[in-house]
Amino acid sequence: MSYKSEAYAKTAETVMKKFEKRGMTAFYCPTTEEAKEKILSLMEKGASITWGGTESMKEAGVMDAIRNGDYELIDRSTAKTPEEQRALYGKMVCADYFLTSTNAFTKDGELVNIDGAANRVACIAHGPAHVIVLASMNKMCADVDAAVKRIHTEACPPNAIRVGVETPCSTTGVCADCLSPGCICAQILVTRKSRIPGRIIVVLTEEPLGF
């Protein structure tokens, strides 16, 4: 084990206790493969599963495993009209599991996320029976202010490019604190506690994933 890996493991042990104090269950998996297997082990066969826009879950191979597994998939990308999108969203909020990453988390065990349409932050806050969060250790920040700064600097520009919106950051790669029509920073959610103990499950991993 490298010094960096050992440090991450010790840091994860510390921050997991913070998550637990806030009503969230937490696990640490050094590798992406271990993280994927842990996430799959948390969901029973036949469960209804949906997700927000999460590059981390995709990169870890979780999405492919679910599509090839014995689950009921609620895939928002299948909606072709606004009416279909609304109907699917009604199913998403009632799903057994909502899979997501987090844009950042603090050393005190808070999740920090910024959204445009807000379907992702809405499902983190309320709705699905369980929320499983996959987060790389490099997303840890000192506090909420540092987390928001990290998101604007490192996550929002590539996310804006990914979803194809016309914003200053998608053009320049630098946040302009914009209010443009395509702004993907419309909502900020700080999850400082889960009132339903264990509803939110955080899986931390050493290997960098997502933005």
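The largest nonpolar core of this predicted model holds 28 residues. Phe19, Phe105, Leu111, Val202 and Leu204 touch the most other members. Several elements give two or more residues to this core: helix H1 (3-21), strand E1 (25-29), H5, H6, strand E7 (130-136) and strand E10 (200-205). H1 provides the largest share, five residues. In soluble globular proteins, nonpolar side chains tend to be buried together.

Beyond its neighbours within four places in sequence, leucine 204 is in contact with Ala12, Val15, Met16 and Phe19, among others. Its contacts also include Phe27, Tyr28 and Cys29. Phe105, Ala135 and Met137 are on the list too. A separate core of 21 residues lies apart from the largest one. Among its members are Leu40, Ile49, Met57 and Ile132.

Now the sheets. Strands of a sheet pair through backbone hydrogen bonds, either parallel or antiparallel. Tryptophan 51 stands opposite leucine 99 in E4.

The other open sheet described here has four strands, ordered E8-E5-E6-E9, with mixed pairing. Strand E8 (140-141) and E9 are at its edges; each has a single partner strand, so one side of each is left without a neighbour in the sheet. E8 pairs with strand E5 (residues 104-106) in the parallel sense, over two bridges. There, threonine 106 stands opposite cysteine 141 in E8.

Next, a single residue in a helix. Leucine 88 is found in helix H5. Is leucine 88 buried or exposed? Its relative accessible area is 15%, so leucine 88 counts as buried, the cut-off being under 20%. Which residues does leucine 88 touch, not counting those up to four places away in sequence? They are Ile74, Asp75, Arg76, Thr78 and Ala79. Aspartate 75 is 13 residues from leucine 88 along the chain, and their C-alpha atoms are separated by 7.9 Å.

The largest pocket has a volume of about 680 Å³. It is lined by 33 residues, and Gly53, Arg76, Asp115, Asn119 and Arg162 are the closest to its centre. Arg76 is also one of the residues that leucine 88 touches.

Which elements each supply at least two residues of this lining? They are helix H3 (55-59), helix H5 (82-92), strand E6 (111-115), helix H6 (119-125) and helix H7 (144-163). H7 gives the most, with six residues. By type, the lining of the largest pocket divides into 14 nonpolar, 12 polar and seven charged residues.

The second largest pocket has a volume of about 220 Å³. Of its 14 lining residues, Ile124, Ala125, His126, Arg195 and Arg199 are the closest to the centre. H6 and strand E9 (187-191) each supply at least two lining residues here. The lining of the second largest pocket divides into seven nonpolar, four polar and three charged residues.

Note on methods
Residues numbered from 1 in each chain as written. Predicted model: local features only at pLDDT ≥ 70, side-chain atom pairs only at ≥ 80, totals over all residues. Heavy atoms only, no water. 1 Å grid on protein atoms, 1.4 Å probe; cavity = no way out; pocket = protein on both sides within 12 Å on 5 of 7 lines; lining within 4 Å. Points joined across faces, edges and corners; volume = space filled by probe spheres on them. Nonpolar A, V, L, I, M, F, W, Y, C, P; charged D, E, K, R; others polar. Core = buried A, V, L, I, M, F, W, Y, C linked by side-chain atoms within 4.5 Å. Buried < 20%, exposed > 50% of the residue type's maximum accessible area, 1.4 Å probe, protein only. Contact = heavy atoms within 4.5 Å. Pairing = 2+ DSSP bridges.
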